Amino acid sequence: QVQLVESGGGLVQAGGSLRLSCAASGRTFSRYDMGWFRQAPGKEREFVATINWSGGRTSYADSVKGRFTISRDAAKNTGYLEMSSLKPEDTAVYYCAADARGFYSGSYRPRSRRDDYGYWGQGTQVTVSS
């Protein structure tokens, strides 16, 4: 079982940067694929980025490609989302998610669907002002 706690959200001006963190409990977090999703008011939760359990493969939504970077630190049991060149349309609650099915499947595909993940954090608000 894994518990996830996001931090690092806040208010930033357009063009600015933020780094979100996702701290995970559990000794086997290194076996979990990790993803970031976001949900703006009145909209459905959408995929942002994912990194596989080994950290060797990443995938991004087209809307953030080239501006956001997902990473993880196995020693710290923590995942990150570095966000730069932020736009007002990036305003949302950001959620991290994790799941070990990718590790145990023995095969890779980008985990970009909400139902790819069984564990979710509580979310952190990111607000980008224009």
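**Reading burial, core, bridge and cavity**

Guide: Start with Tyr117, which is buried at a relative accessible area of 5%. Keep in mind that this is a predicted model.

Visitor: Which cut-off makes a residue buried?

Guide: Buried means under 20% relative accessible area. Tyr117 has 5%, so Tyr117 counts as buried.

Visitor: Where does Tyr117 lie?

Guide: Tyr117 sits in the loop that runs between helix H1 (101-105) and strand E10 (119-120).

Visitor: What is Tyr117 in contact with, leaving aside its neighbours within four places in sequence?

Guide: With those neighbours set aside, its contacts are Asp33, Met34, Gly35, Phe37, Thr50, Ala97, Ala98, Asp99, Arg101 and Arg111. For a sense of distance, take Arg45: Tyr117 and Arg45 are 72 residues apart in sequence and 13 Å apart in space, C-alpha to C-alpha.

Visitor: How do I read a cavity?

Guide: Rolling a probe the size of a water molecule over the atoms shows where empty space is left. Here there is one cavity of 30 Å³ or more. The largest cavity holds about 40 Å³ of space.

Visitor: Which residues line the largest cavity?

Guide: Asp33, Thr50, Ile51, Asn52, Arg57, Thr58, Ser59, Tyr108, Arg109 and Arg111. Strand E5 (46-51) and strand E6 (58-60) are the elements that give two or more residues to this lining. By class, the lining has two nonpolar, four polar and four charged residues. Asp33, Thr50 and Arg111 from this lining are also among the contacts of Tyr117.

Visitor: Now the disulfides. How many are found in the whole structure?

Guide: One. Cys22 is joined to Cys96, with S to S at 2.0 Å. The link is right-handed, with 60° about the S-S bond. Cys22 lies in strand E3 (residues 18-24) and Cys96 in strand E9 (residues 92-99), so the pair ties together parts 74 residues apart in sequence.

Visitor: Are these two cysteines buried or exposed?

Guide: Cys22 is buried, at a relative accessible area of 0%. Cys96 is buried as well, at 0% relative accessibility.

Visitor: Which residues touch the most other members of the largest nonpolar core?

Guide: Trp36, Leu81, Met83 and Tyr94, in a core of 34 residues. The elements giving two or more residues are E3, strand E4 (33-39), E5, strand E7 (68-73), strand E8 (78-83), E9 and strand E11 (124-129). E9 gives the most, with five residues.

Visitor: Take Leu81. What is Leu81 in contact with, beyond four places in sequence?

Guide: Its contacts are Leu18, Arg19, Leu20, Trp36, Val48, Ala49, Phe68, Thr69, Ile70 and Tyr94.

Technical notes. Residues numbered from 1 in each chain as written. Predicted model: local features only at pLDDT ≥ 70, side-chain atom pairs only at ≥ 80, totals over all residues. Heavy atoms only, no water. 1 Å grid on protein atoms, 1.4 Å probe; cavity = no way out; pocket = protein on both sides within 12 Å on 5 of 7 lines; lining within 4 Å. Points joined across faces, edges and corners; volume = space filled by probe spheres on them. Helix = DSSP H or I, 4+ residues; strand = E, 2+ residues; numbered from the N terminus. Nonpolar A, V, L, I, M, F, W, Y, C, P; charged D, E, K, R; others polar. Disulfide = S-S within 2.5 Å. Buried < 20%, exposed > 50% of the residue type's maximum accessible area, 1.4 Å probe, protein only. Core = buried A, V, L, I, M, F, W, Y, C linked by side-chain atoms within 4.5 Å. Contact = heavy atoms within 4.5 Å.
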